[in-house]
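The sequence and the model come first.

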Amino acid sequence: MTMQIKKMYVDGQWVYSQSQETFPVLNPATGETIALVTKGTREDAKLAIEAARRAFDHSGWAETHARVRADILFRVADLIEKRAAEFAEMDTRNNGKPLRESTYDVADAVNQFRYYAGLCTKPQGQTYDVPDDIQALVVREPIGVVGAITCWNYPLVMNAQKLAPALAAGNTVVIKPADLTPLTTIMLFECLEQAGLPAGVANLVTGPGSVVGDEISKNELVDKVAFTGGTETGITIMKNAADTVKKLSLELGGKSPNIVFADSDFETAVDYALFAIFANQGEVCSAGSRLILEESIYDRFLDRLVDRAQKIVIGNGMEEETEMGPLISEAHMNRVLSYIQLGLDEGANLLCGGKRLTTNGRDKGYFVEPTILEAADSSLRIVQEEIFGPVLVVQKFRTEEEAIQLANGTKYGLAGAVFTNDGAKGQRVVRKLKAGITWINTYHPTFNEAPWGGYKQSGIGRELGTYGYEAYTEVKQINVNLQVKPSGWFRN
Ligand code: NAD
């Protein structure tokens with residue numbers, strides 16, 4: 001049976017790529033091809049950008065009343081919600097994550113559209129008192145054409161998180177999802193079309209980053225690039241965007257510390273240490289991939305952690321009992337396995353895991369065991385570099401100062417957590433973390449209402465919350481003369 005080729009959405013039309021080429025999309029649990037998707041070219045990206053430019057400059061979208069945009073976005077939310085089970089199953093089949101996680105992601109995406117639909121009609125801007133009979137005010141306006149480039153670990157959420165605020169603020173968008181996981185983004189565009197979004201306002205180009213993403217980051221008709229992905233790619237995009245001084249939001253990699261003090265609630269800390277690194281197979285930018293553990297509980301804590309890590313149920317995300325799915329691709333699995341080998345070569349001590357799993361129907365998927373390594377030295381590459389898989393690196397500390405120093409000792413600064421039952425110490429230490437997303441006595445819960453983003457080389461700017469809306473706006477001051485008469489500055 002021939003597979004129907006999935007199209008992309010440009011200027012209100014579902015179209016094939018100019019080259020007529022396609023690329024396969026796989027299920028990482030089985031290695032099977034589940035879809036063929038049209039492979040966008042540089043020319044396709046240009047056409048989409050031009051459509052978005054026309055829509056912004058001439059269609060009236062930028063001047064629509066917030067209520068009109070809100071109505072459309074509320075409809076989008078309803079349409080996603082109606083197909084929630086279909087969206088969740090597709091993300092699980094395409095990304096591999098367990099169905100309970102995909103189901104959560106879909107609810108998150110629905111909430112993002114509702115949040116920004118609501119937010120755009122709320123009071124904005126400022127007025128302030130200045131001298132000289134001037135009424136001074138500040139308004140926010142859309143930036144223009146937004147080029148969005150996203151990654152594969154939260155296929156639906158990543159795209160909703162950019163589309164919802166960008167559209168709510170009155171921008172037009174060209175989005176390029178990760179080529180490994182474009183399928184729920186295609187479904188999302190079906191919802192945008194059905195909700196009545198005018199032609200050209202949101203465009204979808206599926207294809208390789210080095211071609212489609214490269215064009216988006218360089219094209220002079222694009223006013224802002226919103227990127228989620230690796231730090232190396234972010235640096236390339238930043239350089240490319242510099243030539244035309246584009247606005248930039250970068251959500252990049254992480255190597256986030258999870259500090260556990262001896263006075264923390266033991267079982268809670270063990271439980272969240274597991275969740276911090278093994279949720280979503282560890283393919284989470286904010287994963288707690290470095291456990292920084294106080295010496296006096298070190299051995300007891302690791303015994304319990306290893307015992308629980310070995311009991312995690314690994315399998316196809318569509319099976320109800322599955323707690324951890326496969327990694328996204330064969331290439332990524334091999335990269336993760338080579339990091340584990342590197343750790344061993346560097347002298348790290350393997351406490352559990354470390355291998356690919358091929359038994360019990362897992363022979364064709366990209367499954368890797370939950371892996372825990374002890375590292376005696378911070379200079380190890382497995383301590384410093386993002387692995388982006390189910391690999392936890394553990395380090396020991398003796399004093400509060402040492403814990404903070406270890407926690408801040410990488411180039412990244414995305415997230416971090418502190419576990420302690422000493423309230424003052426928790427706040428004291430969390431305030432010292434160079435990270436944008438932090439927790440005390442928990443790990444991972446974040447909300448669409450709160451700003452998301454990193455310090456240091458984990459990114460620039462913030463998504464989500466009111467900050468994430470402002471990131472899609474320009475700020476304009478308007479000074480209104482309340483005494484309309486000549487200034488008299490020049491005497492003649
Ligand atoms: P990646 O950087 O390889 O790819 C991300 C996107 O960029 C993809 O769509 C890709 O096609 C595109 N791309 C690749 N090369 C490009 C180029 N030269 N120009 C323009 N676009 C290009 O990252 P990935 O492997 O898909 O994702 C994993 C990374 O994403 C990890 O480092 C992870 O930490 C990070 N991430 C960050 C956040 C965050 O919110 N900070 C969230 C999720 C993932």
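Domain bounds, as used here, come from an automatic or database domain assignment. The model is a predicted one, in which local features need pLDDT of at least 70 and side-chain atom pairs count only at pLDDT 80 or more, while totals for chains, interfaces and linings use all residues. Residues are numbered from 1 along each chain as its sequence is written, and side-chain values use heavy atoms, with hydrogens and water left out.

**Domains**

The protein is divided into domain 1 (5–252 + 458–477) and domain 2 (257–440). Their C-alpha centres lie 31 Å apart. Domain 1 gives 26 residues to the contact between them and domain 2 gives 28 residues, where contact means heavy atoms within 4.5 Å.

An unreviewed UniProt entry carries the annotation "domain: Aldehyde dehydrogenase" for residues 14–478. UniProt positions are given in the numbering used here, feature names are shortened, and annotations may be inferred rather than shown by experiment. The span 14–478 is 40% helix and 22% strand, and its end C-alpha atoms lie 41 Å apart. Helices (H or I, at least four residues) and strands (E, at least two) are DSSP runs, numbered from the N terminus.

**Nonpolar cores**

A nonpolar core is a set of buried Ala, Val, Leu, Ile, Met, Phe, Trp, Tyr and Cys residues joined through side-chain atoms within 4.5 Å. Buried means under 20% relative accessible area, exposed over 50%, and partly exposed in between, with a 1.4 Å probe and protein chains only. In soluble globular proteins, nonpolar side chains tend to be buried together.

The largest nonpolar core here has 99 residues, and those with the most contacts inside it are Phe113, Leu163, Leu167, Leu291, Phe301 and Leu305. Helix 5 (residues 155–168) supplies the largest share of this core, nine residues. Both domain 1 and domain 2 are represented in this core, with at least three residues from each. Apart from it lies another core, of 20 residues, including Ala48, Val145, Val205 and Ile237.

What does leucine 163 contact, leaving aside its neighbours within four places in sequence? Its partners are Phe113, Val173, Ile175, Leu188, Phe189, Leu192 and Ala202.

**The annotated site**

Glu251 is listed by UniProt, in an unreviewed entry, as "active site". Glutamate 251 is found in strand 12 (residues 247–251). Is glutamate 251 buried or exposed? It counts as buried because its relative accessibility is 3%. Not counting residues up to four places away in sequence, glutamate 251 touches Phe227, Thr228, Gly229, Trp452, Gly453, Gly454, Ser458, Gly461, Arg462 and Glu463.

**Aromatic pairs and charges over rings**

A pair of aromatic rings is described by the distance of the centres and the angle of the planes. Rings of Phe, Tyr and Trp (its six-membered ring) pair if their centres lie within 6.5 Å; planes under 30 degrees apart count as stacked, over 60 as edge-to-face and the rest as tilted. By this rule the count comes to ten aromatic pairs.

Tyrosine 116 is buried at 0% relative accessible area, and tyrosine 469 is buried at 5%.

Tyrosine 272 and phenylalanine 275 both lie in helix 9 (residues 266–278), three residues apart, about one turn of the helix. Tyrosine 272 is partly exposed at 25%, as is phenylalanine 275 at 40%. Elsewhere, ring pairs link Tyr9, Trp14 and Phe189 into a cluster.

A charge sits over a ring if NZ of Lys or CZ of Arg is within 6 Å of the ring centre and within 35 degrees of the ring normal. Arginine 300 places its charged end over the ring of phenylalanine 266, 4.0 Å from the ring centre. Lysine 396 lies over the face of tyrosine 298, at 4.5 Å from the ring centre.

**Positive phi**

Glutamine 20, a residue other than glycine, has a positive phi near 65°. Glutamine 20 is in the loop between strand 3 (13–15) and strand 4 (22–27), and is exposed at 56% relative accessibility. Lysine 456 also has a positive phi, of about 50°. Lysine 456 lies in strand 23 (residues 455–456) and is partly exposed at 39%.
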